[in-house]
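Let's take a walk through a protein chain together, one piece at a time. Have the picture open beside you and follow along.

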Amino acid sequence: MLDLFDHLDLRSAEAVVSILNSGSAANRAARCRAGSIDTVRAAPNTRLVLTGDLHDNPLHLARVVRAAALEGQSPAHLTLHELIHGERQGNGMDFSYRVLTRVAALKAAHPECVHTLLANHELAQALGTTIAKDGVRVVEAFNEAVDYVFGAQASNVREAVTDFVRSMPIALRVRRDDGADILCAHSLPAPELMDRFDPTIIERDLDDADYMPRQGAAHLMIWGRGHTPAQLSQLAERWSIGLFVLGHEHAEDGIYAVEPNTVVLNSDHARGAYLDLDARADLRLDSVLTRARSLAER
């Protein structure tokens, strides 16, 4: 599967635009897509490889792709999110359009197994929102790299990046026969903003209003931190969820649990982790935590 990455021409604007567009089309047309989310059934032997933020870590991306065995007889369902805006810079420029293009190619090749979840850094890039990471204005640094590589054709690449981001589902839902589903998303709304959050977002298509900073349901959902047990129980009851799998927050050991029903993953740093989980597994948090796999060990 990693041979796919080796054959991508990431310096050709025409090639990059074509790949991003193919990823956008796959996001929208996949059989698993239902409104704003991807939905899969927890059938026998359904395996999940679930990640947290990747932030342009190519080694960890390669490891989770290998773990998902997408070319095998029983490929896993692989979630990928928070792909861009990594620590690696070149003369102050962020070349993480390349990881976005690689993942678009992966989605196009495996539309039913690869799930590219909307995250706050991707949406900020699409909206042109100014955000800083470790003192770097990352949206501007990304645009400068696209300008540097593609010159007069840079606007075509940026347009394709925006369309790919807007095609992304807000979550992956794994439907289980016991009615306690698994919901994988970049995050959930901050507890103090629940009064303005529209929980029907996972039951319908997204519209432009959903992306509006600090107001739209999608924007609120992917920027939230500090989730409380009461809020998590409220959303779990509203959506019939037995386990939330999130990213967005720093997990020093790659994973941690939030009672009563949530694990948070971080996949970009040296102690990063992912979950290798049977879709029909016991969803008690102590059991789920045993399925964490270190990205440093692979």
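How are H6 and H7 oriented to each other: oblique, parallel or perpendicular? Keep in mind that this is a predicted model. Two packed helices are described by the angle between their axes and by how far apart those axes lie. For helix H6 (residues 138-150) and helix H7 (residues 154-166), the angle is about 135° and the axes are 8 Å apart. Angles over 145 degrees would count as roughly antiparallel, and 65 to 115 as roughly perpendicular, so H6 and H7 are oblique to each other. Their crossing is right-handed. On the H6 side, the residues that touch are Phe142, Asn143, Val146, Asp147 and Phe150, and they meet Ala154, Val157, Arg158 and Val161 of H7. Sorted by class, this contact has six nonpolar residues, one polar and two charged.

Now find helix H2 (residues 13-29). With its 17 residues, H2 reaches 24 Å from first C-alpha to last, close to the 24 Å expected at 1.5 Å a residue. Which residues of H2 are buried? They are Ala13, Val16, Val17, Ile19, Leu20, Gly23, Ser24, Ala26 and Asn27. Look at the spacing of those numbers with one rule in mind: an α-helix has 3.6 residues a turn, so residues three or four places apart point the same way.

H2 brings Val16, Ile19, Leu20, Ser22, Gly23, Ala26 and Asn27 to the contact, while H4 brings Tyr97, Leu100, Thr101, Ala104, Ala105, Lys107 and Ala108. Nine of the residues in the contact of H2 with H4 are nonpolar, four are polar and one is charged.

Arg214 isn't a glycine, yet has a positive phi of about 65°. Arg214 sits in the loop between strand S9 (181-185) and helix H8 (217-223). His248 isn't a glycine either, and has a positive phi of about 75°; look for His248 between strand S10 (241-246) and S11. Which of these two is buried and which is exposed? Arg214 is exposed, with a relative accessible area of 59%, whereas His248 is buried, at 4%. One last stop: the peptide bond from Glu259 to Pro260 is cis, with omega near 10°. Pro260 lies in the loop between strand S11 (255-258) and strand S12 (262-265).

Methods
Residues numbered from 1 in each chain as written. Predicted model: local features only at pLDDT ≥ 70, side-chain atom pairs only at ≥ 80, totals over all residues. Heavy atoms only, no water. Axes fitted to C-alpha atoms, helices over the stretch in contact; angles between N-to-C directions. Helix = DSSP H or I, 4+ residues; strand = E, 2+ residues; numbered from the N terminus. Parallel < 35°, antiparallel > 145°, perpendicular 65-115°, else oblique. Left-handed = near helix turned anticlockwise from the far one by under 90°. Contact = heavy atoms within 4.5 Å. Nonpolar A, V, L, I, M, F, W, Y, C, P; charged D, E, K, R; others polar. Expected span 1.5 Å × (residues − 1). Buried < 20%, exposed > 50% of the residue type's maximum accessible area, 1.4 Å probe, protein only.
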